[in-house]
Amino acid sequence: MWFVVTILVGVATVCAGSEPPSIDEVAGDRMRVLHIDDDWRVFSIVVASGDVLADHATGPRAIVTLSDVEIQGLEESAAPMRVPAGVAMWLENTVSQGFRKLADGDMHYLVIEARKRGGAVEP
């Protein structure tokens, strides 16, 4: 639960009016799109130990952890966050703060992203 609260509180706004890159740009080859239509996009992401996923623009989405999640935000004061496999979270922030994957092994999670008609991601 701490993971969800930290994300919701820490990522509600975009700094100085500049928008970060999309999850597609940040995740690159770590992202695999599994389904896309006018209402939903479903994709998986795999993050290796020590790897960084930078800040990125986002929208309303469910995240389902497929493995244990052990991450730490990129800001100096960030505390490590741990979420067990099999947890589902609904997030509505517009910017996802970057993080570094802690511990050994790959981290896998599934994202179910809400979309507007015509394919635009919800604000």
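Two strands count as paired if DSSP finds at least two bridges between them. Strands themselves are DSSP runs of E, at least two residues long, and helices are runs of H or I, at least four, all numbered from the N terminus.

Now the model. It is predicted, so local features need pLDDT of at least 70 and side-chain atom pairs pLDDT 80 or more, while totals for chains, interfaces and linings use all residues. Residues are numbered from 1 along each chain as its sequence is written, and side-chain values use heavy atoms, with hydrogens and water left out.

Start with the four-stranded sheet. It is open, antiparallel, and ordered β3-β10-β6-β7. β3 (52-53) and β7 (80-83) are the edges; each has a single partner strand, so one side of each has no neighbour in the sheet. Look at β6, residues 69-73: four bridges tie it to β7. Val69 sits opposite Val83 there.

Next, the five-stranded sheet. The order is β1-β2-β11-β5-β8, open and antiparallel again. Which strands stand at its edges? β1 (31-36) and β8 (88-91), each with a single partner strand. Inside this sheet, β2 (40-47) and β11 (107-114) pair over eight bridges. Val42 faces Ile112.

Last, the core. A nonpolar core joins buried Ala, Val, Leu, Ile, Met, Phe, Trp, Tyr and Cys residues through side-chain atoms within 4.5 Å. Buried means under 20% relative accessible area (1.4 Å probe, protein chains only). The largest such core has 19 residues, and Met107 is among those with the most contacts inside it. β2, β6 and β11 are among the elements that each supply at least two residues. Leaving aside neighbours within four places in sequence, Met107 contacts (heavy atoms within 4.5 Å) residues including Ile45, Val69 and Phe99.

Terms used: Buried < 20%, exposed > 50% of the residue type's maximum accessible area, 1.4 Å probe, protein only.
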